[in-house]
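The following paragraphs lead the reader through a structure of paired chains. Please keep the sequence and the model in view while reading.

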Amino acid sequence: MRYLPLQDGDRAAMLARIGAGSIDDLFVDVPEAARFEGPIADLPMHAPEMAVERQLAGLARRNLAAGEAPFFLGAGAYRHHIPASVDHLIQRGEFLTSYTPYQPEIAQGTLQALFEFQTQVARLLGCDVANASMYDGSTACWEAIGMARRITRRGKAILSGGLHPHYVSVCKTMARFTGDQLATGVPRLDGTAEQEIARLIAAIDGETSCVVVQNPDILGRVADLSELAEACHAKGALLVAVVTEPVSLGLIRSHGEMGADIVAGEGQSIGVGLNFGGPYVGLFATRERYVRQMPGRLAGETVDAAGKRGFVLTLSTREQHIRREKATSNICTNSGLCALAFSIHLTLLGEAGLRRLASLNHARTVTAAERLAALPDVERVADPFFNEFTLRLPKPSRPIVRAMAARGVLGGVSLGRLYPGQSALETGLVVAVTETVSDEDIAALADALGEALS
Amino acid sequence: MSINASGWKPNIGDGQGDHERPSFTGNRALMLEEPLIFEIGDTERTGVDLADAPAANAVDRLGALLRSAPIGLPGLTEPETVRHYTRLSRQNYAIDLGLFPLGSCTMKHNPRLNEKMARLPGFADLHPLTPIEQCQGALALIHLVGEWLKALTNMPAIAMSPKAGAHGELCGLLAIRAAHEARERAGGAARRTVLVPESAHGTNPATAAFCGYAVESIPATGDGRVDLAALKAKLGPDIAAVMITNPNTCGLFERDMIAIADAVHAAGAYLYCDGANFNAIVGRVRPGDLGIDAMHINLHKTFSTPHGGGGPGAGPVVFSQALAPFAPLPFVEKQGDRFVLVEEETAQAEHHGDAFGRMVAFHGQMGMFVRAAAYMLSHGADGLRQVAEDAVLAANYVLRSLEDVLEAPFAASGPCMHEALFSDEGLADGFSTLDIAKALIDEGFHPMTMYFPLVVHGAMLIEPTETESRATLDQFIGALRSVAERGKAGDPTLQQAPIHAPRRRLDETLAARKPVLVWREQPDAAVAAE
């Protein structure tokens, strides 16, 4: 077998050195009742590369890839063009096939890249410090709520109706077991982001650990969080800001700048592909004074025995392998390689490139929004927006999305799918427009939507 | 705007301890020093050609939300970027370079076919909210991997969404807690404690505590296993679950596992198995036959998906019949020839009455599922069994080849599984496991896991995996023998190691005492000196 270097002669010689008569002698500690002789049901015998490729390519062909269709899906995962060098560099074996940098003398590549990543993330989100990544945006969001509980010693979190419903679901799952109280809501197609913020401000009380608000929100709306931050701080609560589209930060003010204490984000849209939902990369940033309550790995600068600058994993007394049941989180493996992809893509863009990319996204989106809102009985409900907006259709959006997909247009995410059972939202269609969308794509969407509605 | 107008100034130290004259650049031939992007890039430079910025009126509607202050993100052109990261990569050790025997981490070869398959556009360029009819192939793949994992473990149910091993542990414990809560609603008493062996991974007690449980530890026997009598003495109406790693972190199979499971179940608790070490038994032992209730499977260990410098991993969890109803959303279900994604909480009642909600935003680590599928198809049922056998053979070969020079605390109790455990006993005064590990770096190997498990003094946990040739194993054994002999003889040069790595020993105390976690512009040293 091509992945196994040992040959039968090697195996015999090794057994002889060990003093074992057969390989079975090495498994004597397995209780007899549990010794499995096979075969394993349904799993075929070994196969050559070509056969494996054929089988998996067959499954891949049964999916409609984003690049094969006019594509407008977002709602937490975004399609941007990723420069070819990003994927080439993360496939360097020294990055791809190394592990968590426990031996810093031979892991400076990973450690320096993580230190650079932390700095980029902190600056992008407008915070003092960032960690070396979380699993994804939704788990980062939950960890932020847990961190706010530890800092404020309060157990009641208020979640904005604009927070991605899957993130809300993750938080509800966890809160059920940790005992945190969550006040949740759903977005309103007839409301504004400002009205939602006013509702949140009114709900803050002396028991509130944090308010969690997504910006841009699930409908694509962008809001100023400054007033909300002040209201949180006045009551001793923290503002947790969530971002699922970090490209937006090339154009709009950062969450940290608007007063957020913890920013949790999904970094997928910079450097990481859609991957049907994973792997992605969670971003996590906060104020310097809260760093010891932060979850996850941290790379830090130090010097070696000869005085040269170097990097190590640090503040590990927060972590499970040292603190065990007293750790700030149970996270161990995070999303290192996706963090590297994020960092490389952001380095290629640079500040000027990111700003231009964000402007392009916004301009394309304005074009698409105007075109689609001109369709009969179609109304755009969210404003202002960055690269994603919501339409109210004259009928439920879920069958419309399916009808458009059946004719080869991936025309948006139905709020009916995101909020099953919420009849007030069932006509909502969330449309994301990035730099990858052409004028022809916009025309194709307008045609498909118009036809599906007629 | 330039972030670093004064240019990159290498800090090459005073050369103390170096035997050769420092070079002008600080470089040593192929070993190239590389500054930070903040020291070489600037905010106007870019490696991406984009269309011209749109007319200003397009952004007018954002008004006061527009970002005006500088962000401070340096850019590099493509050649500079490629060189920066290529140079950084060369300061890393990796499986592609040599033996990486980090115990309990299963650093095996990462097949490149996996990478190729994961990048097929039908998988890599597929949005998680693609309408169900347009992602049937992806759902079929998730289902297929799930079915194979269930077959390999002989367990009836699986949750595919957990993102890593520790996340899988969380999933398993949440299901256990949900099952107990269901019993409590039927009048059962609350259970508040989880038992964890002393030798467990730190994630085990951290996870149990996260789920709201008190954690108590179970002592080990003299031969490195769970003390069954001590465990039985601790079992009682307050115990919710017992978390066992099998094979355990001493590299040994828990011989009493079936008796442990029986005792745990008799006490009304559930048995969680940490499946980090599944590589030792895949195809030869199905954990379901041992009586476990839940186990996570690290696809980045047993199923060869790359570790990536610390993730992403994937940690699907298999469940027994008793816990199956409590697995999380979403999950893939086969209905006739069609696959559906059960993701709506309102659908729970129809399919899965006691499911708890989502653990992640979407459906788990699809990219890792594709890689694991490619690996499983490549090895097949026959090859996976050979994987376990070769992994165990290699570890025993290391154990028996070195037990005369390094103290192997459990070697007398019989064979080990996939990893060989040694202690620091017998090293000269003032010499430690750390010295042995750092000296292995100079020999061109990644060190073993150090100081874990905690039950052995100065533990050295060596997991060679099945993807090493006998010649590589022999070279490693020779190198470790040489280093161990130096340690026993008290060779002071050992305490200087490593001397050939990109860096000498790093000051971790300084890093923790004065944390520098982000780069900040330094005052210009030259100006300050004037």
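Pro312(B) has its place in the loop between E6 and E7 of chain B. Labels of this kind denote DSSP runs, helices (H or I) of at least four residues and strands (E) of at least two, numbered from the N terminus. A cis peptide bond, with omega of about 0°, joins Gly311(B) and Pro312(B). Another cis bond leads from Phe452(B) to Pro453(B), where omega is near 5°; Pro453(B) is found in the loop between strand E11 (449-450) and strand E12 (460-462) of chain B.

The model is predicted, so that local features need a pLDDT of at least 70 and side-chain atom pairs count only at pLDDT 80 or more, while totals for chains, interfaces and linings use all residues. Residues are numbered from 1 along each chain as its sequence is written, and chains are lettered from A and ligands numbered from 1 in the order in which they are written. The pLDDT is the predictor's confidence in each residue, from 0 to 100. Chain B averages a pLDDT of 91, and 92% of the residues score at least 70. Over residues 14-18 of chain B, however, the pLDDT is below 50, and this stretch has 10 contacts in the model beyond near neighbours in sequence. A contact here joins two residues whose C-beta atoms, placed from the backbone, lie within 7 Å. The pLDDT also stays under 50 over residues 525-530 of chain B, for which the model has 2 contacts beyond four places in sequence. For the complex, the predictor gives an ipTM of 0.97 and a pTM of 0.96.

Strand E6 (residues 294-296) of chain B and strand E7 (residues 317-319) of chain B pair in the antiparallel sense over 3 bridges, and two strands are said to pair if DSSP finds at least two bridges between them. Within this pairing, Met295(B) has Val318(B) in E7(B) as its bridge partner. Both strands belong to an open sheet of 7 strands with mixed pairing, in the order E1-E7-E6-E5-E4-E2-E3 (chain B). Its edge strands, each pairing on one side only, are strand E1 (157-159) and strand E3 (214-218) of chain B.

Which strand of this sheet is mostly covered? Strand E4 (residues 239-245) of chain B has 7 of its 7 residues buried. A residue is buried if 20 or more other C-beta atoms lie within 10 Å of its own, exposed if 12 or fewer, and partly exposed in between, with C-beta atoms placed from the backbone. E4(B) pairs in the parallel sense with strand E2 (residues 193-197) of chain B over 3 bridges, and Leu195(B) stands opposite Val242(B) in E4(B). Strand E5 (residues 270-274) of chain B also runs parallel to E4(B), joined to it by 5 bridges; there Thr245(B) stands opposite Asp274(B) in E5(B). Helix H9 (residues 257-266) of chain B lies across E4 and E5 of chain B and runs at about 140° to E5(B). Such angles run from 0 to 180 degrees between N-to-C directions, and axes are lines fitted to C-alpha atoms, for helices over the stretch in contact.

Chain A may be considered next. Strand E4 (residues 208-214) of chain A is largely enclosed by the rest of the structure, because 7 of its 7 residues are buried. E4(A) pairs in the parallel sense with strand E2 (residues 156-159) of chain A over 4 bridges, and the bridge partner of Ala157(A) in E4(A) is Cys210(A). A further 5 bridges join E4(A) to strand E5 (residues 238-243) of chain A, again in parallel.

The two chains also touch each other. The contact takes 187 residues from chain B and 171 residues from chain A. On the side of chain B that touches chain A, H11(B) gives the most, with 24 residues. Helix H11 (residues 366-402) of chain B also packs with helix H13 (residues 470-489) of chain B, at an angle of about 35° and with the axes 10 Å apart. On the H11(B) side this contact includes Ala394(B) and Tyr397(B), and on the H13(B) side Leu473(B) and Ile477(B).
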